[in-house]
Amino acid sequence: MVGSASISPSVTSLLLRQQNRRRWKLDSLAHMFARFPRLRELHYEPWREWGWYQRHTDEVFENFNQQYPVTMQQFLDGVEKAGCDRIRNPAPAVGKMIALTSLKLEHLAASFIADASHFFEISPAWEWPNLASLVLTSKLLTPDENSIEIGAMLRAAAAAAMKMPRLETMEIWNGRKGLAALFRYQAFRNIHEAAIVWRGTWKLAMEPSTIQAWEAVMYQYDGWRLDLVQEQLDEAAIKSHGDAVHYLMLSGQVIRPISLWQIQREQEALEGVDTV
């Protein structure tokens, strides 16, 4: 139990899935983690919080679903809704804190809770000696965003990759209804090759400076080759961020398979409901 003071050294993995709709308080999580000194793996899938509804209760949360604001409005007439952004707006401080926390990790996947553009605003002294895989989301990965800002983020990602000597996979993605985008760097150490993959519902024209930044990552390894791949997706097939995960073929660390299945079934139940 969270309230217990006992230490549980046998616990090495902890799974808090989105099926648990009650949001964990930060002090409860900290208390829990302190009791697991051998914890090596954590999967945490919190529901998005309705900021304006939080004034009344701390038990109602929003899964990232564009139909929910419209659906909830039918039941909450007269309640101020201005505090609930249509799309999650991650705080820069959260991204930087996750980056700092990740310095000793081997694997990290953080979707929607932080933005990759904030994660890569790093201190020059930071290094990730053990990090093998990194998965992040970014609101910048939309066709309406400034391509210069997208390029700057991808170059910052390359600069961070220079400090990740064991990196095998880096994925930066975004997804919602009608939109899916993935930038993936993948190293194939057994054949001395690496690939940059852009897969999405829109085409990203990478600037030469961005490609050069990732080629510089390759220069650390003598004789390595960098391939560039572009793949187009049908936006009509993307009904939700769950579909984006599926069609982008993201790594298995992004979300537990059963949770992804639940998100897609939820989307089917809300088919036809307006989005915001």
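Helices (H or I, at least four residues) and strands (E, at least two) are DSSP runs, numbered from the N terminus. The views below show a predicted model, in which local features need pLDDT of at least 70, side-chain atom pairs count only at pLDDT 80 or more, and totals for chains, interfaces and linings use all residues. Residues are numbered from 1 along each chain as its sequence is written, and side-chain values use heavy atoms, with hydrogens and water left out.

**Figure 1. The protein as a whole.** The secondary structure of the protein comprises eight helices and 10 strands. The protein has 276 residues, of which 45% count as buried; buried means under 20% relative accessible area, exposed means over 50%, and partly exposed lies in between (1.4 Å probe, protein chains only). A contact means heavy atoms within 4.5 Å. Among the contacts in the protein with a separation of 6 or more, 66% are accounted for by residues 24 or more positions apart.

Figure 2. Helix H5 covers residues 147–161, and its 15 residues should span 21 Å at 1.5 Å a residue, which agrees with the 21 Å between its end C-alpha atoms. The expected span of a helix is 1.5 Å times one less than its number of residues. The buried residues in H5 are Ile150, Gly151, Met153, Leu154, Ala157, Ala158, Ala160 and Ala161. An α-helix has 3.6 residues a turn, so residues three or four places apart point the same way. The partners against which the buried residues of H5 pack are helix H4 (116–119), strand E7 (169–176), strand E8 (179–188) and helix H6 (208–218).

**Figure 3. The packing of H5 with H6.** The axes of H5 and H6 are 9 Å apart, and the two helices pack at an angle of about 10°. Axes are lines fitted to C-alpha atoms, for helices over the stretch in contact, and angles run from 0 to 180 degrees between N-to-C directions. H5 and H6 are therefore roughly parallel to each other; angles under 35 degrees count as roughly parallel, over 145 as roughly antiparallel, 65 to 115 as roughly perpendicular and the rest as oblique. From H5, the residues Gly151, Leu154, Arg155, Ala157, Ala158 and Ala161 meet Ser209, Thr210, Ala213, Trp214 and Val217 in H6. The residues of this contact between H5 and H6 comprise seven nonpolar, three polar and one charged. In this division, Ala, Val, Leu, Ile, Met, Phe, Trp, Tyr, Cys and Pro count as nonpolar, Asp, Glu, Lys and Arg as charged, and the others, Gly among them, as polar.

**Figure 4. Asn174 and Thr142.** Asn174 is placed in strand E7 and counts as buried at 6% relative accessibility. Beyond the residues up to four places away in sequence, Asn174 touches Phe112, Ser138, Lys139, Leu141, Thr142, Leu179, Ala180, Ala181 and Leu248. Although Asn174 and Leu248 are 74 residues apart in sequence, their C-alpha atoms are 9.5 Å apart in space. The side chain of Asn174 also reaches the backbone oxygen of Leu141 at 3.4 Å. Thr142 lies in the loop between strand E6 (133–137) and H5, and is buried at 6% relative accessibility. Neighbours within four places in sequence aside, Thr142 is in contact with Ile150, Asn174, Arg176, Leu179 and Trp202. Thr142 and Ala181 are separated by 39 residues in sequence and by 7.4 Å in space, C-alpha to C-alpha.

**Figure 5. Thr201 and Glu235.** Thr201 lies in the loop between strand E9 (193–200) and H6, and is buried with a relative accessible area of 9%. Residues up to four places away in sequence not being counted, Thr201 touches Gly178, Leu179, Ala180, Gln232, Leu233, Asp234, Glu235 and Ile238. Glu235 is placed in the loop between strand E10 (225–232) and helix H7 (241–248), and counts as partly exposed at 48% relative accessibility.

Figure 6. Phe112, in strand E5 (residues 107–115), is not a glycine, yet its phi is positive, near 75°. Phe112 is buried at 15% relative accessibility. His192, in the loop between E8 and E9, likewise has a positive phi, of about 60°, although it is not a glycine. His192 is partly exposed, with a relative accessible area of 43%.

Key:
Polar contact = N/O pair within 3.5 Å; in protein donor to acceptor, adjacent residues only side chain to side chain.
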